[in-house]
Amino acid sequence: MILTVCYATGLRISEAVSLKPAAIDSQRMVIRVEAGKGRKDRYVMLSPTLLKLLRTYWKEARPKEWLFPGDRPEQPITACAVEIACRQALEQSGLGKAITPHSLRHAFAVHLLESGADLRTIQLLLGHSTLNTTSRYLRIATSKVCATASPLEALHTMTAKVPAPTSA
């Protein structure tokens, strides 16, 4: 479940392991990230699909203080345990790529960009202070690059509507 949260929200592992059930705001459909990197608070989206999954998880796990408790319920799961779970999921999937929990954050950013989100929105969701940092996350898929229309096409459309000059 924590890996799904990381992909669906773009959270850093350190932020995901620190989530508390009270951070889930189903009324506003957001998750409050408290004291993320740089000790900054922010909100990330809570998709209806993720909310449904979290409700099912909550009914089964009944977490108390931490959304993802560790071996001792009074402490959150460790980043190391999340990395191990990711490695196990990767082995079970049979994918040939190297995937880490942080890869899910990159995929979140790239998939948002490919679906039309603007860079500033992605920057805010990732909790970056500069666009320069955000740009390092965005490796645009070749299909997106190839599907992009040249500005010349728009120029051609505009010039085609301009009437020809008349001779005086």
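This is a predicted model: local features need pLDDT of at least 70, side-chain atom pairs count only at pLDDT 80 or more; totals for chains, interfaces and linings use all residues.
A salt bridge is a side-chain nitrogen of Lys or Arg within 4 Å of a carboxyl oxygen of Asp or Glu. By that criterion the side chains of Glu15 and Arg42 form a salt bridge, with an N to O distance of 2.8 Å.

## Overall make-up

The protein has 9 helices and 3 strands. Read from the N terminus, the order of elements is α-α-β-β-β-α-α-α-α-α-α-α.

Of the 168 residues in the protein, 30% are buried. Among contacts with a separation of 6 or more, 51% are between residues 24 or more positions apart.

## Salt bridges

The structure holds 5 salt bridges. Side chains of opposite charge can pair when their charged atoms come close. Arg12, Glu15 and Arg42 are linked in a network of salt bridges.

The cut-off for a buried residue is a relative accessible area under 20%. Glu15 has a relative accessibility of 5% and therefore counts as buried. Arg42 has a relative accessible area of 10%, so Arg42 is buried as well.

Another salt bridge joins Arg32 and Glu34, whose closest N and O atoms are 3.6 Å apart. Arg32 is partly exposed, its relative accessible area being 27%. Glu34, at 55% relative accessibility, counts as exposed.

## Helices α1 and α3

Helix α1 (residues 2–9) packs with helix α3 (residues 48–61) at an angle of about 160°, and their axes are 11 Å apart. Angles over 145 degrees count as roughly antiparallel, and the angle here therefore makes α1 roughly antiparallel to α3. The crossing of α1 past α3 is left-handed.

On the α1 side, the contact is made by Thr4, Val5, Ala8 and Thr9, and on the α3 side by Leu50, Leu53 and Leu54. Sorted by class, the contact of α1 with α3 has 5 nonpolar and 2 polar residues, with no charged residues.

## Helices α5 and α6

Helix α5 (residues 101–114) and helix α6 (residues 119–126) pack at about 155°, with axes 10 Å apart. The two helices, α5 and α6, are therefore roughly antiparallel to each other. In this pair, α5 passes α6 in a right-handed crossing.

From α5, the residues making the contact are Arg105, Phe108, Ala109, Leu112 and Leu113; from α6, they are Leu119, Ile122, Leu125 and Leu126. The contact of α5 with α6 has 8 nonpolar residues, 1 charged residue and no polar ones.

## Phe68

Phe68 is found in the loop between α3 and α4 (79–93). With a relative accessibility of 5%, Phe68 counts as buried.

Apart from its neighbours within four places in sequence, Phe68 is in contact with Met1, Ile2, Val5, Ala16, Leu19, Tyr57, Pro76 and Ile77. Of these partners, Val5 is also one of the α1 residues in the contact with α3. Met1 is 67 residues from Phe68 along the chain, and the C-alpha atoms of the two are separated by 8.7 Å.

Met29 has a phi near 60°, a positive value in a residue other than glycine. Met29 lies in the loop between β1 (24–25) and β2 (30–33). At 26% relative accessibility, Met29 counts as partly exposed.

Arg62 also has a positive phi in a residue other than glycine, near 45°. Arg62 is found in the loop between α3 and α4, the loop that Phe68 is also found in. Arg62 is partly exposed, with a relative accessible area of 44%, whereas Phe68 counts as buried.

Conventions. Residues are numbered from 1 along each chain as its sequence is written. Side-chain values use heavy atoms; hydrogens and water are left out. Axes are lines fitted to C-alpha atoms, for helices over the stretch in contact, and angles run from 0 to 180 degrees between N-to-C directions. Helices (H or I, at least four residues) and strands (E, at least two) are DSSP runs, numbered from the N terminus. Angles under 35 degrees count as roughly parallel, over 145 as roughly antiparallel, 65 to 115 as roughly perpendicular and the rest as oblique. A crossing is left-handed if the near helix is turned anticlockwise from the far one by less than a right angle, and right-handed if clockwise. Contact means heavy atoms within 4.5 Å. Ala, Val, Leu, Ile, Met, Phe, Trp, Tyr, Cys and Pro count as nonpolar, Asp, Glu, Lys and Arg as charged, and the others, Gly among them, as polar. Buried means under 20% relative accessible area, exposed over 50%, partly exposed in between (1.4 Å probe, protein chains only).
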